[in-house]
Amino acid sequence: MRVRTFLHIPHEGWLIVAGLVLCVWLAVHEQHWLIGASLSAVILFGLGYFYDSDRILCSVPLAVVAPVDGTVTSVELVRDEFLDRNALRFRIKPAALGAYSLRAPIEGKLREPRSEHVDTSTHVSWIQSDEGDDVLIAAGRGGLLGQRPCLVPVGERVGHGRRCGLRRLARSIDVYIDESSRAKVCPGQSVRAGTDVLAILKRKPAEEEAIA
């Protein structure tokens, strides 16, 4: 399951644009030309803000891809309080005119995040692959308007690099993966959602034996 778009703009974006168009019509109808012109400029900005073009998705095995367009601000080992583990955390600052949609870093199933230390009800999404790899997406700063990063219901599957949510007003997006993973980006590097690789997951010993 994935977030659907019309003319590369999510339905949520069209609702906001439609509201602005109505405001422009009312302003012109009442001959408030300056207000109408200003709102028209806002509409053009909004179309660019919500736009999300199709792109060639990453096909690298075990790759964790960027969930949003933006700039990597930090890559560090931290304590993941959401899943109670040591983890490699990538913090990404979304680009102002980057894709509005959020894409799944890996293919897998949405699970219900639980933590005794932090509230996970509104800003955290947990994706678990068929091999048991856990990737967690969290809104580090800013807001998702009361929604989780992934809008896909818990228990549903998401595709690798496919649209699964909306970044909304988030000023940073954190991606937590297993500490044994190999980072492929560094702070200051620009990334594109669904295309650029943040890290390569380390294959578990059991998987290596199965392949051998």
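1. Trp25 counts as exposed because its relative accessibility is 53%, where exposed means over 50% relative accessible area, buried under 20% and partly exposed in between, with a 1.4 Å probe and protein chains only. The model is a predicted one, in which local features need pLDDT of at least 70 and side-chain atom pairs count only at pLDDT 80 or more, while totals for chains, interfaces and linings use all residues. Residues are numbered from 1 along each chain as its sequence is written, and side-chain values use heavy atoms, with hydrogens and water left out.

2. Trp25 lies in helix 1, which covers residues 11–29. Together with Leu22 and Leu26, Trp25 forms a nonpolar surface patch that has about 340 Å² of accessible area in total.

3. As for cysteines, Cys23 counts as partly exposed because its relative accessibility is 37%, and Cys186 counts as partly exposed because its value is 42%. A search of the whole structure finds 0 disulfides, a disulfide being a pair of cysteine sulfur atoms within 2.5 Å.

4. Turning to the protein chain as a whole, its secondary structure comes to 3 helices and 15 strands. Of its 212 residues, 44% are buried.

5. Where contacts (heavy atoms within 4.5 Å) in the protein chain join residues at least 6 apart in sequence, 72% of them join residues at least 24 apart.

Conventions:
Patches are made of residues with over 30% relative accessible area and no salt bridge: like charges are joined within 9 Å, nonpolar side chains (Val, Leu, Ile, Met, Phe, Trp, Tyr) within 5 Å. Accessible areas come from the Shrake-Rupley method with a 1.4 Å probe; for residues, only the protein chains shown count as cover. A salt bridge is a side-chain nitrogen of Lys or Arg within 4 Å of a carboxyl oxygen of Asp or Glu. Helices (H or I, at least four residues) and strands (E, at least two) are DSSP runs, numbered from the N terminus.
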